[in-house]
Amino acid sequence: MNALIKSVTSTQAGFGLTILRVLVGITFVAHGSQKLFGWFGGYGLAGVAQWMESIGLAPGYLMALMAGSAEFFGGLALILGLLVRPAAAVLTLTMLVAIFSVHIGNGFFMSDNGYEFALALMAASLALLVEGAGRLSLDKRIAG
């Protein structure tokens, strides 16, 4: 079990990835809080669930809860630097679903509701998945 914990929490990354992790984490928390709580002009679970049903992601309430939770709690994990690799894996999957279920038909650019922003967030999540949390993280302290 100790080897598993060490492989999940170990990182050789420096301060640069710490900056990326915290800023991307803040972004995910903000988007997740829109979905879950209706904060920052979001529609909350009921509104997001209705919209998800309308685009074919059913059951809408469960899908909204899963997407919002992945973004909110995954973002918190990134900010804290705790279990960053598992959080980054979930966030990468969440962004893949967003790209292919919502944005891909609109082209690349965000101005047309394209996949540009989701792709950037997915790239950052993949970097964290590969490299780990960085020097200033709880994962680094756990790994020793």
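Colleague: Among contacts between residues at least 6 apart in sequence, what share joins residues at least 24 apart?

Modeller: A contact means heavy atoms within 4.5 Å. In this protein chain, 65% of such contacts join residues at least 24 apart. The model is predicted: local features need pLDDT of at least 70 and side-chain atom pairs pLDDT 80 or more, whereas totals for chains, interfaces and linings use all residues. Residues are numbered from 1 along each chain as its sequence is written, and side-chain values use heavy atoms, with hydrogens and water left out.

Colleague: How many helices and strands does the protein chain have?

Modeller: Helices (H or I, at least four residues) and strands (E, at least two) are DSSP runs, numbered from the N terminus. The protein chain has 7 helices and 0 strands.

Colleague: Which residues have the most contacts inside the largest nonpolar core?

Modeller: Buried means under 20% relative accessible area, exposed over 50%, and partly exposed in between, with a 1.4 Å probe and protein chains only. A nonpolar core is a set of buried Ala, Val, Leu, Ile, Met, Phe, Trp, Tyr and Cys residues joined through side-chain atoms within 4.5 Å. Here the largest such core has 18 residues, and V24, F28, L78, V84, M95, L121 and L128 have the most contacts inside it. Two or more residues each come from α2 (15-37), α4 (60-80), α5 (84-103) and α6 (116-131). Helix α5 gives the most, with 6 residues. Another core, of 10 residues, lies apart from it and includes L36, A49, L57 and F72.

Colleague: What does L128 contact, leaving aside its neighbours within four places in sequence?

Modeller: L128 is in contact with L17, R21, L78, V84, R85 and A88. Both V84 and R85 are among the buried residues of α5, and the cover over those buried residues includes α1 (2-9), α2, α4, α6 and α7 (138-143).

Colleague: How many salt bridges does a search of the whole structure find?

Modeller: Side chains of opposite charge can pair when their charged atoms come close. The criterion for a salt bridge is a side-chain nitrogen of Lys or Arg within 4 Å of a carboxyl oxygen of Asp or Glu. The search finds 1 salt bridge. E71 pairs with K35, their closest N and O atoms being 2.9 Å apart. The pair links helix α4, which holds E71, to helix α2, which holds K35, across 36 residues. E71 and K35 are both buried.

Colleague: Where is I142 found?

Modeller: I142 is found in helix α7, and it is partly exposed, with a relative accessible area of 47%.
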